[in-house]
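Hi everyone, thanks for coming. Let me put the model up on the screen, and then we can walk through it together.

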Amino acid sequence: MSTKTNTEVTDSSKNNHTAPSDSYDLVIIGAGPGGYSTALRSAQLGARVALIEEDSTVGGTCLNRGCIPTKALMSATSTITLSAHARQLGIQSTFDGIDFNKLTTFKQSSVDAMTTGLSQLLSQRQVTVIHGRASILSPRTVEVTNDSKQPFVLHANDIVLATGAHSTPLPEQPFTSDILDSDRALDLKQFPEHPVIIGAGAVAVEFASIWQAAGSQVRLLIRKDRVLSDWDRRTSMALTRALQKQGIEIITGSQCARIEHEHEGLCVSYSSSQTDSNGLEQQVTADKVLVAIGRTPNTDDPWFAQAGINTDPHGLVLTDSFGHTSCKHVWAVGDITPGYHFAHRAFEQGIVVAESIAGLNPLPVDENSIPQVVFSTPQAACIGLGKESAEARDDLLEIQETIYPMLSNARMRMSGSTGSLSLVTACKTEDPTTRIVVGVHIVAPEAAELIAEAEQIVGNQVPVSKAARLIHPHPTFSEALGEALLKADGRPLHMR
Ligand SMILES: Cc1cc2nc3c(=O)[nH]c(=O)nc-3n(C[C@H](O)[C@H](O)[C@H](O)COP(=O)(O)OP(=O)(O)OC[C@H]3O[C@@H](n4cnc5c(N)ncnc54)[C@H](O)[C@@H]3O)c2cc1C
Ligand SMILES: NC(=O)c1ccc[n+]([C@@H]2O[C@H](COP(=O)([O-])OP(=O)(O)OC[C@H]3O[C@@H](n4cnc5c(N)ncnc54)[C@H](O)[C@@H]3O)[C@@H](O)[C@H]2O)c1
């Protein structure tokens with residue numbers, strides 16, 4: 001849940017040496033990954049920075065109710081999956097249930113460690129953190145409101161908008177204690193017994209993995225034939241099959257019509273192109289429903305439009321590749337801007353905006369080399385282009401897909417997991433004799449770590465012939481990428 005408070009307008013950190021003033025080089029609205037990375041880098045470059053956050057803690061969605069608490073739960077429940085696998089390997093272990101109080105303490109301590117550490121870092125860099133709700137009064141003036149004092153005004157040479165996003169509900173179906181968004185799902189006191197999850201993106205798939213591992217009987221209601229349907233088809237199909245193999249029921253081609261309360265839970269009505277061609281509705285029951293159909297940017301306060309900040313039809317703030325908005329001296333970063341919505345993208349945007357404001361002329365964020373990772377079981381990760389998107393590009397020639405059979409990898413076999421790995425290679429029209437790697441797509445237990453190497457290769461446009469010379473330690477999951485590169489270079493080693 002969002003932890004909005006009406007704390008006093010003051011420095012958040014007790015040991016913050018910088019007293020609030022009314023004049024700054026930079027005022028940033030929102031202390032999530034976009035806002036705090038801008039603050040940290042700007043302060044490092046010598047700017048006087050105020051960071052305004054309406055929650056009681058810094059860190060935004062990611063630290064408080066996104067990346068960190070979900071991965072804490074995932075770290076905990078993945079041990080149940082491991083222990084089930086251990087039994088197959090001859091290691092006797094029993095799963096005696098979950099101490100939810102202890103689990104909640106672990107999750108919260110993971111969050112607290114990150115938010116406290118961030119607060120201290122901001123303090124060390126002399127960033128003034130102010131708790132309150134901010135709005136732009138004019139291009140160089142921000143008003144801050146909270147309950148305890150009169151609104152007050154800050155002046156700034158530049159303003160950065162980093163207000164983030166919130167979960168989108170189904171039409172006319174507000175979130176409740178039973179119809180959950182991810183914030184509410186993270187606050188549950190017990191895992192649900194037979195939840196329905198609506199959606200097929202990162203939130204849906206991660207919660208499906210957490211809950212199924214913990215013993216819930218999860219049903220996923222998805223519109224297409226596979227989860228992560230905007231990913232490369234082979235990869236998303238591999239993950240879909242892996243989830244089904246674990247017992248997650250995936251109802252494909254389905255569109256939720258409504259959710260109603262019944263005597264003992266919820267009834268989800270949906271139309272399904274797969275099971276009923278006459279369009280008749282089907283029903284499933286659930287004790288909780290998680291609605292994970294995307295997020296809406298926090299840009300609907302009237303001051304956005306009044307300040308002249310242009311948005312697209314989804315409410316996303318339009319910027320150039322350096323973060324300038326339509327309003328001079330106002331910049332935007334993170335989930336309110338069009339593109340991938342990940343913390344690591346927001347970090348890089350924050351750095352680029354800070355360096356632009358400081359006059360360092362940074363390179364713009366390279367939107368083509370942003371890795372996507374889903375912390376499901378198994379994990380899925382990708383970077384760059386799939387085969388179809390590469391074929392649609394005018395600047396690429398001779399597109400080739402190389403598929404590595406994951407069960408040829410010793411560590412994959414030992415893990416008991418299924419997976420997939422494919423590479424897309426191509427030549428650029430301007431250099432038609434040099435083949436480079438333009439995309440890597442992985443489903444595997446350590447895909448989130450493996451993708452970092454792929455990012456170097458794709459992001460730096462390394463020729464296949466050079467990348468295939470990199471030596472990988474044996475026996476590791478990372479060898480799978482090495483073997484795939486050898487195959488793409490026409491020199492497969494441990495496969496035909
Ligand atoms: C369940 C979940 C799991 C996720 N897991 C991952 C993951 O594993 N990896 C990953 O890379 N990404 C993950 N994400 C996405 C990631 O959390 C976001 O991309 C990231 O937080 C965006 O950062 P931001 O700074 O743009 O916005 P936010 O983090 O949303 O921060 C915006 C901040 O602005 C504040 N604010 C808004 N309006 C005002 C105002 N008017 N005045 C003052 N303060 C204001 C808000 O209170 C908030 O703290 C996850 C998201 C969710 C929901
Ligand atoms: N590991 C990570 O990096 C991570 C983890 C969780 C969330 N996130 C980010 O948080 C944001 C929110 O995640 P999300 O999964 O909610 O959104 P998403 O946009 O990633 O996925 C939304 C899913 O809902 C489906 N959908 C949309 N409207 C629907 C409808 N009316 N009925 C049924 N299905 C519908 C879409 O087809 C899609 O599969 C994303 O930007 C995501 O990148 C990232």
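Which helices and strands each supply at least two residues of the shell around ligand 1? They are helices H1 (33–44), H2 (60–65), H3 (67–88) and H9 (343–357), together with strands S2 (49–53) and S4 (133–138). Helices here are DSSP runs of H or I with at least four residues, strands are runs of E with at least two, and both are numbered from the N terminus.

A quick word on the ground rules. This is a predicted model, where local features need pLDDT of at least 70 and side-chain atom pairs count only at pLDDT 80 or more, while totals for chains, interfaces and linings use all residues. Residues are numbered from 1 along each chain as its sequence is written, chains are lettered from A and ligands numbered from 1 in the order in which they are written, and side-chain values use heavy atoms, with hydrogens and water left out.

Back to ligand 1. It is surrounded by 35 residues (a heavy atom within 4 Å), and the closest are Glu53, Thr61, Lys71, Asp335 and Ala343. H2 gives the largest share of that shell, four residues. By class, we have twelve nonpolar, 15 polar and eight charged residues; nonpolar means Ala, Val, Leu, Ile, Met, Phe, Trp, Tyr, Cys and Pro, charged means Asp, Glu, Lys and Arg, and the others, Gly among them, are polar. A polar backbone atom of Glu54 is 3.2 Å from a nitrogen atom of the ligand. On its own, ligand 1 exposes 1,000 Å², and the protein buries 94% of that (Shrake-Rupley, 1.4 Å probe).

The axes of H1 and H9, lines fitted to C-alpha atoms over the stretch in contact, are 7 Å apart at an angle of about 35 degrees, on a scale from 0 to 180 degrees between N-to-C directions. Among the residues in contact (heavy atoms within 4.5 Å) are Tyr36 and Arg41 of H1, and Phe347 and Ile351 of H9. That contact has eight nonpolar, five polar and two charged residues.

Now, what surrounds ligand 2? There are 17 residues, the closest being Ala202, Val203, Glu206, Gly294 and Val373. Helix H6 (residues 202–213) gives the most to this shell, with three residues. A nitrogen atom of ligand 2 is 2.8 Å from a polar backbone atom of Val373. Of the 840 Å² of accessible area that ligand 2 has on its own, the protein covers 74%.

Methods
A polar contact is a pair of N or O atoms within 3.5 Å; within protein, one must be able to donate a hydrogen and the other to accept it, and residues adjacent in sequence count only if both atoms are side-chain atoms.
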